[in-house]
Amino acid sequence: MTSDLARRRTAVFVLFFAPGLTISSWVTRTPDVRDLLGASTAQMGLILFGLSVGSMLGILCSGTVVARWGARLVILAGTSAVAAGAVVVGVGAAAGSGACVALGLGLFGLGMGGGEVALNVEGAEVERLLGRSTLPAMHGFFSLGTVLGAVAGMCLTAVGFPVLVHLLVVAAVVLGALGLVIRRVPAEVGRQTTVGRRATGAPRSTVWKDPALLLIGCVILALAMAEGTANDWLPLVMVDGHGFDAALGSAVYAVFAAAMTLGRFAGGRFVDRFGRAAALCGSALVGAAGLALVIFVDNQVVAAAAAVLWGLGASLGFPVALSAAGDSGADSAARVALAATVGYVAFLVGPPALGYLGEHFGLRHALILVLVLVVAAAFATPAARSPRESKEPKEPGEPGEPGEPGDPREVDEPEPAGT
């Protein structure tokens, strides 16, 4: 690894860390924000809809913007919007204005939606240059940010620290980190010229017709919804569904985030050894087990332990499936953008749908929708298999198939002299 590539990888780690820190700082304060606003569960669902709308606007625009201007500009604008959104959310909470909080979440989502696609385009390029599975570790830094943000949020919730001051400090940290590392991202990454599109042989307008890519997007949708549901609702599920107080509800979210972090940092080796399809299938099944325990077992200890399984199960879905999308054919940036767009539909429909179901059936039972999607995703994971995973690996010395290295019929002929 060259020193420039190492610095570039470190920059991506920091850029993933920043939004993770911000989102967990918001999530751990959702019980306080709800109380400051005096909002019901259904009203909180509508407020969270601002995050969904902003995310989808960012996602839908990001592919075109990255292709036109490059990933670095989109990352810069997106991360700045995340920091600004945190400030607006804090101001809205302090003023008791649900509309202001929804606006802040919309700005936050706009930055997250656009910036995340650009970050994943840059991350996929760094992974390609490194030649090994690296996107899980990059998303691991996002999860590490959520852990540190959740721990801080839990402590600040317990002592009654003002939400506005908390989010102002977080925004300042994010902007400072952005200024330090953004120059390490090459300006041309993700930029697609007309000549470049012709050279790839796969115009951007046709990648959505690839059935395997669409299946990968469906896997992302389900596992991203499992992750996003925890980010939006886990503290409230623990408070309203299992009787935890606000600080302990935030602590369970911190446990979930820690499990996500562990799964992502350890997941790269698992992917390299067993393949993407196996990693995604295992993630889906473990996540489904955690969700089922949270939904159907009325016990606080079991619910807190199940958050570990939930976090481990959701950890590899988004990064591994995005890596598979980028490796599924020509025009990698367009494929990553499309798969992320399909996946982010979860952030559009998730919060209001679960808020509506939670109002009528309780938040725990509303999670059954997520459970069904995650189980279904396990059956779609073979679409993420890379070409080299399509055949079973052979033991050293085992004869190969005709035409493959090791084929007993394949004999090296001496080359004629002078060639």
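User: What should I know about the model before we start?
Analyst: It's a predicted model, so local features need pLDDT of at least 70 and side-chain atom pairs count only at pLDDT 80 or more, while totals for chains, interfaces and linings use all residues. Residues are numbered from 1 along each chain as its sequence is written, and side-chain values use heavy atoms, with hydrogens and water left out.

User: OK, how many helices and strands are there?
Analyst: The protein has 17 helices and 0 strands. Both are DSSP runs numbered from the N terminus: H or I over at least four residues for helices, E over at least two for strands.

User: How much of it is buried?
Analyst: Of the 419 residues, 53% are buried. Buried means under 20% relative accessible area, exposed means over 50%, and partly exposed is in between (1.4 Å probe, protein chains only).

User: And what's the accessible surface?
Analyst: About 17,400 Å², with 66% of that belonging to carbon and sulfur atoms. Areas come from the Shrake-Rupley method with a 1.4 Å probe, and for residues only the protein chains shown count as cover.

User: What share of contacts links residues 24 or more positions apart?
Analyst: Among contacts with a separation of 6 or more, 82% are of that kind. A contact is heavy atoms within 4.5 Å.

User: Give me a local example. What does S315 touch?
Analyst: Leaving out residues up to four places away in sequence, S315 touches M260, G263 and R264. S315 sits in helix α12 (residues 300-315), and it counts as buried because its relative accessible area is 1%.

User: Switching to α5, how far does that helix reach?
Analyst: Helix α5 (residues 98-130) has 33 residues and reaches 45 Å from first C-alpha to last, close to the 48 Å expected at 1.5 Å a residue. The expected span is 1.5 Å times one less than the number of residues. After α5 comes G131, with a positive phi near 80 degrees.

User: Which residues make up the nonpolar patch on the surface?
Analyst: F49, V53, L57, L107 and L110, with about 370 Å² of accessible area together. The elements giving two or more residues to the patch are α3 (41-69) and α5, and the largest share, 3 residues, comes from α3. Patch residues have over 30% relative accessible area and no salt bridge; like charges are joined within 9 Å, and nonpolar side chains (Val, Leu, Ile, Met, Phe, Trp, Tyr) within 5 Å.

User: Is F49 buried or partly exposed?
Analyst: F49 is partly exposed, since its relative accessible area is 33%.

User: How many salt bridges?
Analyst: The count is 8, taking a salt bridge as a side-chain nitrogen of Lys or Arg within 4 Å of a carboxyl oxygen of Asp or Glu.

User: Where does R8 pair up?
Analyst: R8 bridges to E122, with the closest N and O atoms 2.7 Å apart. That pair links distant parts of the chain, from helix α1 to helix α5, 114 residues apart. Both R8 and E122 are buried.

User: What about R34?
Analyst: R34 forms a salt bridge with D240, closest N and O atoms 3.1 Å apart. R34 counts as buried at 15% relative accessibility, whereas D240 is partly exposed at 41%. R34, D35 and D240 are linked in a network of salt bridges.

User: Last one: how many disulfides?
Analyst: The search of the whole structure finds 0, with a disulfide being a pair of cysteine sulfur atoms within 2.5 Å.
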